[in-house]
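Please read the following report alongside the sequence and the coordinates.

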Amino acid sequence: MAVPPVIDLTSSRPAQARHNTSSHRLPTVSASEALQELQDGNLRSVSTGLTSLDGLLSGTGDTSSGGLERGKITELWGPAGVGKTAIAIQSAVNALKEGSTVLWVDCATALSDQRIQESITRHGSKDSHSASDGLLGEFKHVTAATLSHLLAIVLHPPPNLIPSGTGLLVVDDLNVLMDLDYPRYQFAVSSKTEQQKWQASRRYAVLGSLVSGLNKLAVINGLAVVVTTGCSTRMRPDSGLGAALVPGVGGVEWDGGVWNRLVVFRDFSGRFVGVQKCQGRSLISREEVGEIGRVVGLEVANDGTLHERQASRPADGATTQVKPRASPVKPRKRVFDEVADSESEDVDEYGWAETDEDAIAAEGLIEDAQAATASTEPD
Amino acid sequence: MSDLLEVLPDFDLKAYIHLLHSLEKNDITVADLISLDPIEIARRCPLPAADVQRLVLDVVAALQEDVQTRADKRWPFNSRWPHQATISIDEVTHTACPDDEARVSTLVPDIDHALGGGLVPGHIIEVVGESAVGKTQFVLGMLLSAQLPPPRGLGKGSIYVSTEAPLNTARLKQMLISHPEYERLDPADRPSLDYVHAIGTNDLEAQEHILRYQLPVAIQRLNIGLIVLDSVAANFRAEHESRTAAGLAERATALGKLGLTLRRVAIENNAVVVVTNQVSDRFDEVRSILRSSSPANSSPSMSTANPTSTVAELRRETQSLDHQQRFFTGWGDDRDEQRNQLKNPALGLAWANQISARIVLKMESERQEYLGGNIWKDKKKARTLRVVFAPWGIVSVVEDELHGEAQGPPDGKHTELLDEEFWPTDEDEEFP
């Protein structure tokens, strides 16, 4: 008869706990270790290299221990060429400097080896301490050729994919993979069968599975996850404004699983990073497509590293303001006369039915949220 | 499961043939298979749950193995999963793959500098500009320079896939004869037209077939390092509806597949893929770019809204497509640029998401020189080249004036490639 292994509760170490046979159990740590971790602030997040951004992300304004929080997912989105991958690389190098391992998963554009090596050597030469140590964390690089490949390593992680001591997982350019298998807009005939409706919902269901898989990896391994995506467009007919850029990967399930969301964008005065969601709370109202939240300016040094730029008032600054386009707001489609037919529906003269009260109330919410965000602008 | 063969070409299906028909009928893709609960799949298409479970495990194992082998092939110094290795800084710098050094030079030092050395293998690079600005001319030069030994080239042949006009071999020959870079090489080391292969395709179906099935074979057989597709927009514009939303969605899907095919070709063969693109006009609403931020200067209609919401609206506007596209299309981020000269690269955001880098060629509008009396003389148009974005570092944008005159690179090399004589003239009917 096999003797069950004796588990010594007083000395359970996190390293042991991570090699649990079942990947469903969270690691157990003793209370003293949890307290120790709390006090070692730098173990909780990976710095992005931009001090103000770290401060904004920490939620408390603490710049020394803020950044990409371990155990959580940060989404970085923006148009092509704006600097999302650059920020991810910079964070990866910071993680390597701390001695953590970094796992980089390419989804579309391959990360050039030269680029990451140059970043590593640049940081190594600046900081003499780590140069004398000679020991860096390890940089692991894999490519996910299709969405199925990505799902295979995230939802069913191979036992040795993420070694202990990994600090950061980067998934680069996720929306290209998603759009290939589950296009964002599927136009079928108006009367959808049950089957077609199920298919249309698959995109968001898969995104939901993916985000929970990533969260699980983040928590079990104690690492920070960064997902970069490109953008797609959304029309805004109601407010009379033109199309706006939105994150390429969206949906309620995905948004719910993301802890921080950063938008990287450009303007005449330079590049900026806006914090749209932080500490699990959205800083912008959901209906406000195109809001950017709190903003940090950044600039690119000659050697390619990103530094913060002290911009006075970046996005609504004195040098650039773009007047909203003056196209007319689309009139309501239902004319008053036609509404008379549907009298049973209890509509008032503006075409709102009673059940639309929620929508009306939401409009009021938008007003409040706008005022709230406007009043919390950075000085 | 029809995509299983695309995702895992080597997967052994013998044990699961009886499941395939039912899975196919219910439109279960490979991604669905992995992300859904096997019990649910077994319920939807009535199948034995144990078999589905086994299939899922086998597929997942095969995919994981595939990811590992690809990583090993591409990065030999990447440690295998079972082992851990910590690398010191020295190791990192010295274990660069030799292929990393090789780039395709454009043979113009300024342009090479803007590109950070040249075009990097493993990426799709788009060259976009109006008609007759010189895109084809630009890529023709690269068909030859790719044959140069590393680090200026890849030492391999090149393929030119044309959707518009056939390859202009006469011009290639002229370049070969008169370019000083080639002149000073031994005849044996010089690039040759023997290693430039061309194929033409006039419709989308043929294009897809060629790129997907024939191209990988040709690359292996003929040792190809550079592929040029000139132009990507021509066949799409001819065949895809771009006015209805459904048409756009369909086109976006087709572009995604094309992007995947080209990316695979580039990465697996460590080749450079250059794609040229056409442009369409950009129609901007009249925008008044306010110079000061005081609401008092704004129009009466805006001042009625409370000031905080005005500011919020203005901030929101920075995220509008119209504004942001100034920075990733190549037109519009210079405030001095005239509004009626702004262009958009064709095929929209769906295609922009597929490419790694974008180079834009622009042409000045008609310039005329006043010669006195009633006579105006047409001046040669100045062309500029700019790198809009590139993944091998955030390149500080360098505008390069392409002149044919003596204003060449500082070391006095006369860049014949850009000689005005070789530019298309009006008599040239081959160039659109």
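## Terms and basis

Helices (H or I, at least four residues) and strands (E, at least two) are taken as DSSP runs and numbered from the N terminus. This is a predicted model, in which local features need pLDDT of at least 70 and side-chain atom pairs count only at pLDDT 80 or more, whereas totals for chains, interfaces and linings use all residues. Residues are numbered from 1 along each chain as its sequence is written, chains are lettered from A and ligands numbered from 1 in the order in which they are written, and side-chain values use heavy atoms, with hydrogens and water left out.

## Composition of the two chains

Chain A contains 12 helices and 14 strands, while chain B contains 17 helices and 12 strands. Burial is defined by relative accessible area (buried under 20%, exposed over 50%, partly exposed in between, with a 1.4 Å probe and protein chains only). Of the 379 residues of chain A, 53% count as buried, and of the 432 residues of chain B, 53% count as buried.

A contact means heavy atoms within 4.5 Å. Among contacts in chain A between residues at least 6 apart in sequence, those that join residues at least 24 apart make up 68%; for chain B, under the condition of at least 6 apart in sequence, residues at least 24 apart are joined in 70%.

## Confidence in chain A

The predictor's confidence in each residue is given as pLDDT, from 0 to 100. Chain A has a mean pLDDT of 71, and 62% of its residues reach 70 or more.

## Salt bridges

With a salt bridge taken as a side-chain nitrogen of Lys or Arg within 4 Å of a carboxyl oxygen of Asp or Glu, the structure holds 14 of them over all chains. One of these is formed by the side chains of Arg202(A) and Asp32(B), at 2.6 Å from N to O. Arg202(A) lies in helix H9 (residues 194-221) of chain A and Asp32(B) in helix H3 (residues 30-35) of chain B, so the pair joins two chains. Both Arg202(A) and Asp32(B) are buried.

Within chain B, the side chains of Glu181(B) and Arg152(B) meet in a salt bridge of 3.0 Å, N to O. Because Glu181(B) lies in helix H10 (residues 180-183) of chain B and Arg152(B) in the loop between helix H8 (135-145) and strand E2 (157-162) of chain B, the pair ties together parts that are 29 residues apart in sequence. Glu181(B) is buried at 5% relative accessibility, whereas Arg152(B), at 30%, is partly exposed. Salt bridges that share partners also join Glu75(A), Asp255(A) and Arg261(A) into one network. A further salt bridge pairs Lys14(B) with Asp12(B) at 4.0 Å, N to O; Lys14(B) is exposed, with a relative accessible area of 66%, and Asp12(B) is partly exposed at 48%.

## Backbone geometry in chain B

Most residues other than glycine have a negative phi, and most peptide bonds are trans. The peptide bond from Asp230(B) to Ser231(B) is cis, with omega near -10 degrees, and Ser231(B) lies in the loop between strand E4 (224-230) and helix H12 (233-239) of chain B.

Asp27(B), although not a glycine, has a positive phi of about 60 degrees; Asp27(B) is found in the loop between helix H2 (17-25) and H3 of chain B and is partly exposed at 29% relative accessibility. Asn270(B) likewise has a positive phi, near 50 degrees, and is found in the loop between helix H13 (245-268) and strand E5 (272-277) of chain B.

## The second largest pocket

A pocket is found on a 1 Å grid over the protein atoms alone, as an open set of points where a 1.4 Å probe fits, with protein on both sides within 12 Å along at least five of seven lines; lining residues have an atom within 4 Å of a point. The second largest pocket is lined by 48 residues, of which Thr233(A), Leu248(B), Gly348(B), Leu349(B) and Ala350(B) lie nearest its centre. H13(B) gives the most to this lining, with 8 residues.
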